[in-house]
Amino acid sequence: MEEDADGRLRPTAAAGSAQEAVERAVELSRRWRRLERTRLEVVREYAETDGCRRRFLLGYFGEDLAGECGNCDRCRAGTARRHVAEDGGEFPVGSTVVHARWGEGEVVRCEPDRVTVLFGEMGYRTLSLRLVQEEELLRAA
Ligand SMILES: [Zn+2]
């Protein structure tokens, strides 16, 4: 877009046709809806996790909490402790990984049996660590 002499915005020649603009808008809308759906999955995982909730939330924001908080309901119930030893091994929170189909992503959570990655195009995806290892689905970037 560029501004004309009267201050109105007009499409520039490089912006392409109206049809192309519509197609781009539709694609952006699809991506946004896909991301929203996967965000909903993350909220559900948060509700169902038996691991430390603070650790879960920090992972979502790209930070790794070493160990458990000791204050959330899961820590007080004693279920979070079993996650400590195996976390962060091959796929530490905040690290970048590559999936053959979904491209590059950032690890937001890693538990003993699963890893959750935020992929730019596909949103949040939770993968079984067993399958990741057997099928070599992810590699460190
Ligand atoms: Zn906790």
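Donors are N, O and S atoms within 2.8 Å of the metal (3.2 Å for Na, K and Ca); water is not among the atoms, so sites may look incomplete. This is a predicted model: local features need pLDDT of at least 70, side-chain atom pairs count only at pLDDT 80 or more, and totals for chains, interfaces and linings use all residues. Residues are numbered from 1 along each chain as its sequence is written, and side-chain values use heavy atoms, with hydrogens and water left out.

**Exercise 1.** Find the residues that coordinate the zinc ion, then name the geometry.

*Solution.* 
- Step 1: List the donors. They are the SG atoms of Cys52, Cys69, Cys72 and Cys75, at 2.3 to 2.4 Å.
- Step 2: Read the spacing in sequence. The pattern is C-x16-C-x2-C-x2-C.
- Step 3: Check the angles. Four donors count as tetrahedral if all angles lie between 85 and 135 degrees. The four donor atoms around the zinc ion subtend 103 to 118 degrees, so the arrangement is tetrahedral.
- Step 4: Compare with the ideal. Four tetrahedral donors have ideal angles of 109.5 degrees.
- Step 5: Check burial. Cys72 and Cys75 are both buried (under 20% relative accessible area, 1.4 Å probe, protein chains only).

**Exercise 2.** Describe how S5 and S6 pair.

*Solution.* 
- Step 1: Strands are DSSP runs of E, at least two residues, numbered from the N terminus. Two strands pair if DSSP finds at least two bridges between them.
- Step 2: Locate the strands. S5 covers residues 114-119 and S6 covers residues 123-128.
- Step 3: The pairing is antiparallel, over six bridges. Val115 stands opposite Leu127 in S6.
- Step 4: Look at the link. Three residues lie between S5 and S6, which form a hairpin.

Technical notes:
Helices (H or I, at least four residues) and strands (E, at least two) are DSSP runs, numbered from the N terminus. Four donors count as tetrahedral if all angles lie between 85 and 135 degrees; four count as square planar and six as octahedral if opposite donors are over 155 degrees apart and all others between 65 and 115; anything else is irregular. Buried means under 20% relative accessible area, exposed over 50%, partly exposed in between (1.4 Å probe, protein chains only).
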